[in-house]
Amino acid sequence: MATLKDYQNDNFQPHKLVCLTAYTTPMAKSLAPHVDLLLVGDSVGTVLYGMENTTGVTLEMMAAHGKAVMRAEPECPVIIDMPYGSYEDSVEEAVKNAQFLMAQTGADGVKLEGGVDMRAQIKAIVEAGIPVMGHIGLQPQSVVKEGGYKIKGKDDMQVTKLIADALAVEAAGAFMMVIEGTVHEAAAVVTDAIDIPTIGIGASAHCNGQILVTDDLLGMLHDVPPKFVTEYATLRQDIDGAISKWAADVREGVFPRIENLYTVKPETEIKEAA
Ligand code: KIV
């Protein structure tokens, strides 16, 4: 953790926060040692359930995936997304649903999308003792309302709105915020305008940290990845190769191999699956 003295040194490069999404126990186990924060993102709807966007994700889905991630007992903080429709309409509902997610999962906090318009909800959830991560810029839950995924910060008016949103989220008590799908200069200006850390996704290298959807990073999702993603693995091709090899082995009688078989012969140890 950086100290005040570190920040007084002009050459100090603060540690960039490394964040990734996780929806399952095994993935959370693999990721946790490498990251500063795990997000149980509502991107689970598009990534794991094949939904067109995140607006169909329910509170129950988030609770189930939050529980799965927490079963990995990750040492880093785990934040869970509040899904579309669970917080926008009233402060009371926002607090009740944030409490539900926390009680069900034991996560460390919640994330919700919105700026000035969600200030009251963020403040009330924070006052109820639940840490809140904000999410400004492109907000995937607004995709239907906005008629698509629209990059933000393209002109002065949009930059002014982004700064107002960031200041409102900060003033409401959020401990950090995601800036998504935003022109990089605008995301940098927003980062400099506030004191809490910004976490970029399709935003700026100047943000205090970065987050990606893990399945994007691992090359699971796209023939051509979106601009803001660099694939660090080619899991889709790897899966294709492994499954076609296994299918061929089954068809040719090569699998199962002798070492895969149980036997009643006393000299052979029966290895029960754990
Ligand atoms: O749902 C999600 O995965 C997110 C991100 C910021 C990646 O909100």
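Me: Is Asp 165 buried or exposed, and what is its relative accessible area?

Reply: This is a predicted model. Burial is read from relative accessible area, and a residue counts as buried under 20%. Asp 165 has a relative accessible area of 4%, so it is buried.

Me: With which residue does Asp 165 form a salt bridge?

Reply: Side chains of opposite charge can pair when their charged atoms come close. Here the partner is Lys 161, and the closest N and O atoms of the pair are 2.7 Å apart. Both Lys 161 and Asp 165 belong to helix α8, residues 156–172. Their spacing is four residues, about one turn of the helix.

Me: How many salt bridges does the model contain?

Reply: The criterion is a side-chain nitrogen of Lys or Arg within 4 Å of a carboxyl oxygen of Asp or Glu. By this rule there are seven salt bridges.

Me: Which parts of the chain does the salt bridge between Asp 223 and Arg 236 link?

Reply: For such a pair, one reads the distance and then the position of each partner. The closest N and O atoms of Asp 223 and Arg 236 are 2.4 Å apart. Asp 223 is exposed, at 72% relative accessibility, and Arg 236 is partly exposed, at 33%.

Me: At what angle do helices α5 and α6 pack, and how far apart are their axes?

Reply: A helix pair is described by the angle and the separation of its axes. Helix α5 (residues 91–105) packs against helix α6 (residues 119–127) at about 45 degrees, and the axes are 9 Å apart. That angle makes α5 oblique to α6. The crossing of α5 and α6 is right-handed.

Me: Which residues meet where α5 and α6 are in contact?

Reply: The α5 side consists of Val 91, Ala 94, Val 95 and Ala 98, which meet Ala 120, Gln 121, Ala 124 and Ile 125 in α6. By class, the residues of this contact are seven nonpolar, one polar and no charged.

Me: Where is Ile 179, and what does it contact?

Reply: Ile 179 is in strand β6, residues 176–180. Its relative accessibility is 0%, so Ile 179 counts as buried. Leaving aside neighbours within four places in sequence, the contacts of Ile 179 include Ile 136, Val 190, Ile 201 and Cys 207. The C-alpha atoms of Ile 179 and Ala 28 are 23 Å apart, with 151 residues of separation along the chain.

Me: Which residues does Thr 25 touch, beyond those up to four places away in sequence?

Reply: Thr 25 is in helix α2, residues 25–31. It is buried, with a relative accessible area of 19%. Beyond its sequence neighbours, Thr 25 touches Ala 68, Arg 71 and Ala 72.

Me: What is the phi of Glu 73?

Reply: Glu 73 has a positive phi of about 50 degrees, although it is not a glycine. Glu 73 lies in the loop between α4 (59–70) and β3 (78–81), and it is exposed, with a relative accessible area of 68%.

Me: What describes the protein chain as a whole?

Reply: Its secondary structure comes to 11 helices and eight strands. The C-alpha trace of the protein chain spans about 75 × 45 × 35 Å along its principal axes. Of the 274 residues in the protein chain, 44% are buried. Among contacts between residues at least 6 apart in sequence, 54% join residues at least 24 apart.

Technical notes: Residues numbered from 1 in each chain as written. Predicted model: local features only at pLDDT ≥ 70, side-chain atom pairs only at ≥ 80, totals over all residues. Heavy atoms only, no water. Axes fitted to C-alpha atoms, helices over the stretch in contact; angles between N-to-C directions. Helix = DSSP H or I, 4+ residues; strand = E, 2+ residues; numbered from the N terminus. Parallel < 35°, antiparallel > 145°, perpendicular 65-115°, else oblique. Left-handed = near helix turned anticlockwise from the far one by under 90°. Contact = heavy atoms within 4.5 Å. Nonpolar A, V, L, I, M, F, W, Y, C, P; charged D, E, K, R; others polar. Buried < 20%, exposed > 50% of the residue type's maximum accessible area, 1.4 Å probe, protein only.
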